[in-house]
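Subject: Structure for you to look at

Hello,

Please find the structure below, together with its sequence.

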Amino acid sequence: NQGMLYSAKEFYAMGLFERDADKRHKFYKRSFYAGYEPAANKIWESNINNDNKYIKKLAFDLVPGACVAYGDKLWNDDNGQPNLNSPCLRFYKFASAQNYIPGVERIAEFIYQVYTHSKPYHNEHSRFVGCFFAFHVL
């Protein structure tokens, strides 16, 4: 009985055993919103159709995989032009703050791109600093 569940881990466990995909997804969402972070991965896995509107919502809910996917979309919307003020970097940071390795990788790649391809940083010293900083992030 769903009314008897109180903890985030209980919602997560119910999601593991639920056969109906919609109900399972709802259990994972309740678990995540109640503070159980492993439920974020289950929510992300259940986003089979990669609906862009839903990815944005999950990214704003700080689901790590969605943060990276939405950050990638924002970076592509910027035509792949690296800029330290780009909103995509914010979403990569959200993902990496939750120890999500692809988020850390995207930050390193992004910083490398900024310092190796942007005009204000287009000199040997800046390239070295960018590469060093990207390596340090990893």
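In α2, the residues H25, Y28, K29, S31 and F32 meet A39, A40, K42 and I43 of α3. This contact between α2 and α3 is made up of five nonpolar, two polar and two charged residues. Please keep in mind that the model is a predicted one.

Two packed helices are described by the angle between their axes and by the distance between those axes. For helix α2 (residues 21-33) and helix α3 (residues 38-45), the angle is about 145° and the axes are 8 Å apart. The crossing of α2 and α3 is left-handed.

One residue of this contact can be followed further. H25 is located in helix α2. Is H25 buried or exposed? H25 counts as buried because its relative accessibility is 16%, and the cut-off for buried is under 20%. If neighbours within four places in sequence are left aside, H25 is in contact with I43, S46 and Y54.

Next comes helix α1, which spans residues 8-17. Its buried residues are A8, F11, Y12 and G15. These residues lie on the same side of α1, because they cover an arc of only 100° around the axis. What do the buried residues of α1 pack against? They pack against α2 and α3. The face of α1 turned away from the buried side carries K9 and F17, which are exposed.

Now the charged pairs. Side chains of opposite charge can pair when their charged atoms come close. How many salt bridges are there? The count comes to three, and they are as follows.

- K57 and D61 form a salt bridge in which the closest N and O atoms are 3.0 Å apart. K57 has a relative accessible area of 39%, so K57 is partly exposed. D61 is also partly exposed, at 22% relative accessibility.
- R106 and D72 meet through their side chains in a salt bridge, at 2.9 Å from N to O. This pair links distant parts of the chain, since R106 is in helix α7 (residues 101-117) and D72 is in helix α5 (residues 64-77), 34 residues apart. R106 is partly exposed, with a relative accessible area of 25%.
- K73 and D77 meet through their side chains in a salt bridge, at 2.7 Å from N to O. K73 and D77 are four residues apart in helix α5, so about one helical turn separates them. K73 counts as partly exposed at 33% relative accessibility, and D77 is partly exposed with a relative accessible area of 47%.

Which helix holds K56? K56 lies in helix α4, which runs over residues 52-60. K56 counts as partly exposed, because its relative accessibility is 38%. How far is K56 from Y70, in sequence and in space? K56 and Y70 are 14 residues apart in sequence, and their C-alpha atoms are 6.0 Å apart in space.

When you go through the structure, you could start with the contact of α2 and α3, where the axes are 8 Å apart. From there, turn to α1, whose buried residues pack against α2 and α3.

Regards

How values were computed: Residues are numbered from 1 along each chain as its sequence is written. This is a predicted model: local features need pLDDT of at least 70, side-chain atom pairs count only at pLDDT 80 or more; totals for chains, interfaces and linings use all residues. Side-chain values use heavy atoms; hydrogens and water are left out. A salt bridge is a side-chain nitrogen of Lys or Arg within 4 Å of a carboxyl oxygen of Asp or Glu. Buried means under 20% relative accessible area, exposed over 50%, partly exposed in between (1.4 Å probe, protein chains only). Helices (H or I, at least four residues) and strands (E, at least two) are DSSP runs, numbered from the N terminus. Axes are lines fitted to C-alpha atoms, for helices over the stretch in contact, and angles run from 0 to 180 degrees between N-to-C directions. A crossing is left-handed if the near helix is turned anticlockwise from the far one by less than a right angle, and right-handed if clockwise. Contact means heavy atoms within 4.5 Å. Ala, Val, Leu, Ile, Met, Phe, Trp, Tyr, Cys and Pro count as nonpolar, Asp, Glu, Lys and Arg as charged, and the others, Gly among them, as polar. The arc is that of the directions from the helix axis to the C-beta atoms.
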